[in-house]
Amino acid sequence: MTRVAAIDCGTNSIRLLVADVDPATGSFTELDRRMTIVRLGQGVDETGRLAPEALERTFAACRTYAAAIEELGAERIRFVATSASRDAENSAEFVAGVRDILGVEPEVITGDQEAQLSFDGATRELAGSDHLAKPYLVVDIGGGSTEFVLGSDEVAAARSVDIGCVRMTERHLVVDGAVMDPPSHERAAAIRADIDAALDVAERTVPLTGAGTLVGLAGTVTTVAGIALELEEYDSGAIHHARVSRGQVRAITEHLLRSTHEERAAIPVMHPGRVDVIGAGALVLLAVMERTGAHEVVVSEHDILDGIAWSAAG
């Protein structure tokens with residue numbers, strides 16, 4: 001067994017997983033899993049740079065994570081950074097700050113690498129399953145980008161496209177520095193047009209129809225699942241491997257796009273950091289289900305973070 005610490009720094013959140021892992025036997029014991037909304041990608045789509053306040057929020061979370069990693073005695077650390085830090089002109093400032101705090105070089109990975117890790121994290125536990133049809137189409141809806149990965153036991157095709165929930169919100173719903181609340185029909189239609197164009201791009205590499213099972217990852221998908229299940233509080237055990245129909249996703253998306261900030265914030269499973277971006281994220285999920293023809297999405301709480309942990313163990 002190797003005790004590893006995996007950190008996934010995305011556009012909206014930074015997450016930590018500390019686990020005892022044995023790749024030879026497939027043993028995986030989770031010791032600590034946590035998430036902090038830092039909105040690292042704040043303004044990146046418009047300015048091309050990481051904002052100073054976004055960097056400081058991220059570094060503060062890193063300091064907290066460093067203390068947890070030291071307390072648990074992780075032998076190996078892998079820090080992976082995704083869409084926002086790929087896109088930013090000043091990513092070197094981000095890299096230097098993380099190195100100073102955690103003593104490890106953050107890896108600003110490509111979209112294809114992100115897709116591989118997401119697929120591994122989501123499907124490794126499904127390898128011996130006979131109740132989910134193959135191949136799997138794994139869809140990871142992040143803050144800045146969405147990854148599409150098709151495969152059975154190994155990745156057959158993968159593509160990352162820039163239609164994350166934060167990016168779509170900032171591009172279409174921010175007016176005079178504030179999020180339009182609720183968005184107009186025209187703004188929602190503009191988001192959908194961007195999503196459909198990105199799906200056209202993804203489909204050049206990844207066949208989006210014909211998969212046996214659609215597997216959905218990350219905060220947008222798990223939040224929509226929690227709403228569909230009518231949970232009184234966030235319950236990862238209930239959400240993991242829940243099945244949510246396309247009809248449920250459509251109804252939830254339409255409701256979110258009609259709701260005010262206060263109404264969305266009052267939803268029991270809603271993390272405060274997702275209140276302003278969940279409508280755009282749900283619209284991505286709905287568009288994916290309509291394009292693929294999937295009647296349901298199987299929700300996974302295991303995602304790129306788990307894939308990073310497996311890779312760190314070697």
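Strand S1 (residues 2–9) pairs with S2 in the antiparallel sense, over 8 bridges; two strands count as paired if DSSP finds at least two bridges between them. This is a predicted model, in which local features need pLDDT of at least 70 and side-chain atom pairs count only at pLDDT 80 or more, while totals for chains, interfaces and linings use all residues. Residues are numbered from 1 along each chain as its sequence is written, and side-chain values use heavy atoms, with hydrogens and water left out. Helices (H or I, at least four residues) and strands (E, at least two) are DSSP runs, numbered from the N terminus.

S1 and S2 form a hairpin with 3 residues between them. Across this pair, Thr 2 stands opposite Val 21 in S2, and Cys 9 stands opposite Ile 14 in S2. S2 is also joined to strand S3 (residues 27–37) by 10 bridges, again in an antiparallel run. In S3, Glu 30 is the bridge partner of Ala 19. S2 and S3 form a hairpin as well, with 4 residues between them, and Gly 26 in the turn has a positive phi of about 80°.

In a regular strand the side chains alternate between the two faces of the sheet. In S2, Ser 13, Arg 15, Leu 17, Ala 19 and Val 21 point one way, Ile 14, Leu 16, Val 18, Asp 20 and Asp 22 point the other way, and all are buried (under 20% relative accessible area, with exposed meaning over 50% and partly exposed in between; 1.4 Å probe, protein chains only). Strand S2 (residues 13–22) is thus mostly covered, with 10 of its 10 residues buried.

The open sheet consists of 5 strands in the order S3-S2-S1-S4-S5, with mixed pairing. Its edge strands are S3 and strand S5 (107–108), each of which pairs on one side only. Helix H13 (residues 304–313) packs on the sheet and touches S1, S2, S3 and S4; its direction makes about 140° with that of S1. H4 lies across S1, strand S4 (76–81) and S5, and runs at about 160° to S4. Here contact means heavy atoms within 4.5 Å, and axes are lines fitted to C-alpha atoms, for helices over the stretch in contact, with angles from 0 to 180 degrees between N-to-C directions.

The axes of helix H2 (residues 52–72) and helix H4 (residues 91–102) come within 9 Å and cross at roughly 25°. H2 and H4 are therefore roughly parallel to each other (angles under 35 degrees; over 145 is roughly antiparallel, 65 to 115 roughly perpendicular and the rest oblique). Leu 55, Thr 58, Phe 59, Cys 62, Arg 63, Ala 66 and Ile 69 in H2 meet Glu 93, Phe 94, Gly 97, Val 98, Ile 101 and Leu 102 in H4.

For helix H6 (residues 165–172) and helix H7 (residues 185–203), the axes come within 10 Å and cross at roughly 135°. That makes H6 oblique to H7. The contact involves Met 168, Arg 171 and His 172 of H6, and Arg 187, Ala 190, Ile 191, Asp 194 and Ile 195 of H7.

Leu 256 is placed in helix H10 (residues 246–258) and counts as buried, at 1% relative accessibility. Leaving aside neighbours within four places in sequence, Leu 256 is in contact with Ile 227, Arg 264, Ile 267, Met 270, Ile 278, Gly 279 and Ala 282. The C-alpha atoms of Leu 256 and Gly 279 are separated by 5.3 Å, although the two residues are 23 residues apart along the chain.
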